[in-house]
Amino acid sequence: MSPDRAKVFLLGATGYIGGGVLARLLANSKPLFDITVLLRDAVKADKLKPFGVNTVLGTLDDADKIESLASQADIVFECADADHINSTKAVLAGLRRRHRETGNVGTLIHTSGTGVLADNAAGMYSTDDIYNDNDSEQLAKIAPEQPHREIDLTVIAADEEGYVRTYLVLPPTIYGLARGPLVDAGIMNPQSQQIPALIMASIDRGRAGMVGEGKNMWANVHIDDAVYVYEVLWNSIVSGKGIGHGKEGYYFAENGEHRLYDIAKAIGAALKDLDLAETDEPSSFTKEELVNYFDGSESLGSNSRCRAERSRAIGWKPRSTTKDMLASIKPEIQYMLSRVP
């Protein structure tokens with residue numbers, strides 16, 4: 001890989017994280033990136049042309065196409081789906097082919113998530129279990145049946161084979177409305193998943209809701225800070241810094257933590273201010289509501305606590321805090337209401 005120019009293949013370019021990564025890649029001055037993305041939407045593909053991005057129409061199920069595109073890339077970013085094992089296998093097959101044909105060791109930056117750390121608290125308790133991205137022995141003990149874990153282990157195993165260096169980025173609860181030219185052009189999704197899902201359910205039921213008593217704890221990160229992890233990674237990789245990869249290549253993105261109750265309370269306060277609820281005090285979702293709003297899942301009531309020491313050690317300096325997350329909730333609600341027909 002040239003220190004001045006690199007070929008990039010990115011999955012998830014129209015998504016919340018992937019779009020943010022793409023925007024940062026486009027803004028990068030050195031190295032210059034020749035960027036190819038795979039996306040389903042022909043309209044958005046046309047919108048990306050003025051940005052100088054090579055677009056290929058397809059889905060995550062187009063394994064042959066993904067393998068071919070990955071085989072031509074110096075760096076592959078997987079930002080589309082942390083649980084789509086076949087697309088990850090196709091990426092790895094392409095990088096293996098590239099190594100076989102050229103002898104070059106490729107790079108894969110794969111997006112997982114701290115859901116891999118989640119327990120079954122159902123909002124009824126917190127935990128003292130805190131995972132550190134600099135503690136490879138602790139992380140190696142994560143059970144194989146945990147969310148995202150099958151793909152994480154597949155990616156790590158590929159690194160051990162030697163044909164690719166792999167890096168896992170694990171965001172927790174991401175918050176904040178994404179902004180920038182790709183949002184303005186209608187290309188990328190500007191919203192996260194967890195907090196908007198809680199907001200939608202709370203608006204519908206006329207009161208802020210939470211799983212159980214909301215005592216569970218998660219780490220959080222602003223979208224801009226989350227994307228910054230990828231930038232620090234690729235700058236370290238391209239410049240030849242010897243940063244951890246494979247089983248030493250976990251990179252958490254956290255800058256604070258919260259109880260689920262804290263988010264629900266902030267939603268409640270905003271809904272009351274907007275005359276959408278009579279009280280700011282959240283209440284527990286009933287079983288019927290959990291089925292209606294979350295397909296019966298209590299995952300929002302799980303604990304997922306972590307510390308991003310490895311990420312910080314390579315130069316990541318997040319700015320936004322839990323206070324900023326709570327302050328972002330009312331503007332998020334107002335944005336969502338503005339989108340209602």
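Reader: Which elements do the buried residues of H8 pack against?

Author: Happy to start there, keeping in mind that this is a predicted model. The buried residues of H8 pack against strands E8 (173-175) and E9 (209-210), and against helices H10 (260-273), H11 (287-294), H13 (322-327) and H14 (329-338).

Reader: And which residues of H8 are buried?

Author: An α-helix has 3.6 residues a turn, so residues three or four places apart point the same way. In this helix, the buried positions are Ile195, Pro196, Leu198, Ile199, Ala201 and Ser202. H8 covers residues 194-205 and reaches 17 Å from its first C-alpha to its last, close to the 16 Å expected. Just after H8, Gly206 has a positive phi of about 75 degrees.

Reader: Now the sheet: what is the order of its strands?

Author: Seven strands form an open sheet in the order E3-E2-E1-E4-E5-E7-E11, with parallel pairing. E3 (54-57) and E11 (250-252) are the edge strands; each has a single partner, so one side of each lacks a neighbour in the sheet. From one strand to the next, the twist averages 20 degrees.

Reader: How many bridges pair E1 with E4, and which residue stands opposite Glu78?

Author: E1 (residues 5-11) and E4 (residues 75-78) pair over four bridges in the parallel sense, and Leu11 stands opposite Glu78 in E4. Helix H4 (residues 85-102) packs on this sheet, touching E1, E4, E5 (106-111) and E7 (164-170). The direction of H4 makes about 170 degrees with that of E5.

Reader: Is Pro31 buried or exposed?

Author: Pro31 is buried, because its relative accessible area is 2%. Pro31 lies in the loop between H1 (16-27) and E2 (32-39).

Note on methods. Residues are numbered from 1 along each chain as its sequence is written. This is a predicted model: local features need pLDDT of at least 70, side-chain atom pairs count only at pLDDT 80 or more; totals for chains, interfaces and linings use all residues. Side-chain values use heavy atoms; hydrogens and water are left out. Helices (H or I, at least four residues) and strands (E, at least two) are DSSP runs, numbered from the N terminus. Buried means under 20% relative accessible area, exposed over 50%, partly exposed in between (1.4 Å probe, protein chains only). The expected span of a helix is 1.5 Å times one less than its number of residues. Contact means heavy atoms within 4.5 Å. Two strands pair if DSSP finds at least two bridges between them. Axes are lines fitted to C-alpha atoms, for helices over the stretch in contact, and angles run from 0 to 180 degrees between N-to-C directions.
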